[in-house]
Amino acid sequence: MKLFVDVGNTAMKWRFRHGEKVEQGGCRHGRDWPAVVDVLLQGSDQVDAIWIASVAGPSADTEIAGLLADRTGVTPCFYYSCGQDFGVQNCYPEPRKLGVDRWVAMIEGHQRFGASIIIDCGSALTIDAVNEKGEFLGGYIVPGLGMLRTALLRDTSDVHIEPATARPALGRSTGECVHNGLLRMSVAFVTEVVVELRQVLEDTCKVLVTGGDAPKLTGAFQFEFLHMPDLVLDGLERVADRQQ
């Protein structure tokens, strides 16, 4: 059985594959790696290979690798961004500094659809563009919804908000004003970038949306898109299958 792990800034997702059988899971990690590994391996069968895409940092990667190796007897393989792979060319001067979650998402998107715009709605909101030739043209990184909300509350002592479902409309309470305003701001940014990129890329190129906050944003999108919640794991599995 193979294990694929996507370690993000705030959450960890994983996939077990045994032939055609697939089981997936995930949780917020809080950087409590022993606890998260316990959840990940709970009830799992013997693992033969482990592949990890991580943006948690070197010390975290070392700890996660040690915990998994101790529990499974398998040394995990980490995949990091590089200058070129699967026909995609990295435009970063120092390729490894590109977040590997963005990199494998671009690889998967290009392999399946050619030119693509990839929107990852996570802790950070990222947008990346790859043309038909596989050239990574560049991207944007801005705070995600949760980070924006935290910053607003931290710096405005008199703003107290209750949980609410955001929608692109005028709010009628402080909470609604905050939730709706942050949603509208994020959607406006994404829409402007998509319109801009479709003047550079083929206007029929796919827009792929992933990340934990995707369901909160996509309901307000006025353009066609594909919601692909497992895009990073799909890309990691593609890379791993080639190297095994």
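A nonpolar core is a set of buried Ala, Val, Leu, Ile, Met, Phe, Trp, Tyr and Cys residues joined through side-chain atoms within 4.5 Å, where buried means under 20% relative accessible area, exposed over 50%, and partly exposed in between, with a 1.4 Å probe and protein chains only. This is a predicted model, in which local features need pLDDT of at least 70 and side-chain atom pairs count only at pLDDT 80 or more, while totals for chains, interfaces and linings use all residues. Residues are numbered from 1 along each chain as its sequence is written, and side-chain values use heavy atoms, with hydrogens and water left out.

**Nonpolar cores**

- The largest nonpolar core has 26 residues, and those that touch the most other members are I117, I119, V190 and L217.
- Two or more residues of this core come from each of β8, β9, α4 (145-155), α5, β11 and α6 (214-218), where helices (H or I, at least four residues) and strands (E, at least two) are DSSP runs numbered from the N terminus.
- The largest share of this core is given by α5, with eight residues.
- Apart from this core lies another, of 24 residues, and F136, L208, M228 and L233 are among them.
- Leaving aside residues up to four places away in sequence, I117 touches, among others, I127, D128, V194, L197 and V207, contact meaning heavy atoms within 4.5 Å.

**The sheet with β8 and β9**

- Five strands form an open sheet in the order β10-β9-β8-β11-β12, with mixed pairing, and two strands count as paired if DSSP finds at least two bridges between them.
- The edges are held by β10 (136-143) and β12 (226-227), each with a single partner strand, so one side of each is left without a neighbour in the sheet.
- Strands β8 (residues 116-121) and β9 (residues 124-130) pair in the antiparallel sense over six bridges, and D120 stands opposite T126 in β9.
- Helix α5 (residues 174-197) lies across β8, β9, β10 and β11 (206-210) and runs at about 5° to β9; axes are lines fitted to C-alpha atoms, for helices over the stretch in contact, and angles run from 0 to 180 degrees between N-to-C directions.

**R102 in helix α3**

- R102 is found in helix α3 (residues 100-113) and is buried, with a relative accessible area of 8%.
- The side chains of R102 and D128 are joined by a polar contact of 2.5 Å, that is, a pair of N or O atoms within 3.5 Å; within protein, one must be able to donate a hydrogen and the other to accept it, and residues adjacent in sequence count only if both atoms are side-chain atoms.

**The sheet with β1 to β5**

- A further open sheet of five strands has the order β3-β2-β1-β4-β5, again with mixed pairing.
- At its edges stand β3 and β5 (77-78), each with a single partner strand, so one side of each lacks a neighbour in the sheet.
- Strands β2 and β3 pair in the antiparallel sense over eight bridges, and the bridge partner of W14 in β3 is G25.
- Helix α2 lies across β1, β2, β4 (49-54) and β5, running at about 165° to β4.

**Helix α1**

- In helix α1 (residues 33-41) the buried residues are W33, V36, V37, L40 and L41.
- Seen down the axis of α1, these buried residues fall within an arc of 125°, so they line one face of the helix, the arc being that of the directions from the helix axis to the C-beta atoms.
- The buried residues of α1 pack against β1 (2-7), β2 (11-18), β3 (21-28) and α2 (58-72).
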